[in-house]
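Here are my notes on the model, as numbered points. Please read them beside the coordinates.

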Amino acid sequence: MAKVLGIGGVFFKAEDPAALAAWYDKVLGFGGGDWSGAMWPHGDRGYTIWSPFKADTTYFAPSTAPFMVNFIVDDLDGVLARAAAAGVHPTGRDDSDENGRFAWLMDPAGLKIELWEPKSGA
């Protein structure tokens, strides 16, 4: 089954962490558990990026949050199919980027999620 392969780390506040973790479990297949979190071993592709954006960027829109999460996925189409089965549809998609394929979702807390399927060998 299509899945998220990993991130460097993201920490943020949420009014109901358990409900938010349940949403991530249903839509993207991770979260929940005893501490409402998830951990992944380092994958065999992609990389983790720390990249400041200008304060007036619109890249995170439609989210008003001051950050965005990027997840490396092994099968973008499969992850999007899983999300669609849970009633969640992408806010955008880019299959032509030189770094791979991207799509974006919004979670119930208003956070924009970027899904990235790196090109082979990345």
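1. E114 is buried but makes no salt bridge; K112, the nearest side chain of opposite charge, is 6.5 Å away. Buried means under 20% relative accessible area (1.4 Å probe, protein chains only). A salt bridge needs a side-chain nitrogen of Lys or Arg within 4 Å of a carboxyl oxygen of Asp or Glu, and for charge Lys and Arg count as positive, Asp and Glu as negative, with His and the chain ends not counted.

2. This is a predicted model: local features need pLDDT of at least 70, side-chain atom pairs count only at pLDDT 80 or more, and totals for chains, interfaces and linings use all residues. Residues are numbered from 1 along each chain as its sequence is written, and side-chain values use heavy atoms, with hydrogens and water left out.

3. E114 lies in strand β5; strands (E, at least two residues) are DSSP runs, numbered from the N terminus. The side chains of E114 and Y59 are joined by a polar contact of 2.3 Å. For a polar contact, N or O atoms pair within 3.5 Å; within protein, one must be able to donate a hydrogen and the other to accept it, and residues adjacent in sequence count only if both atoms are side-chain atoms.

4. The charged end of K112 sits over the ring of Y59, 5.0 Å from its centre. The criterion is NZ of Lys or CZ of Arg within 6 Å of the ring centre and within 35 degrees of the ring normal.

5. F102 counts as buried because its relative accessibility is 10%; W116 counts as buried at 3%.

Note on methods:
Helix = DSSP H or I, 4+ residues; strand = E, 2+ residues; numbered from the N terminus. Buried < 20%, exposed > 50% of the residue type's maximum accessible area, 1.4 Å probe, protein only.
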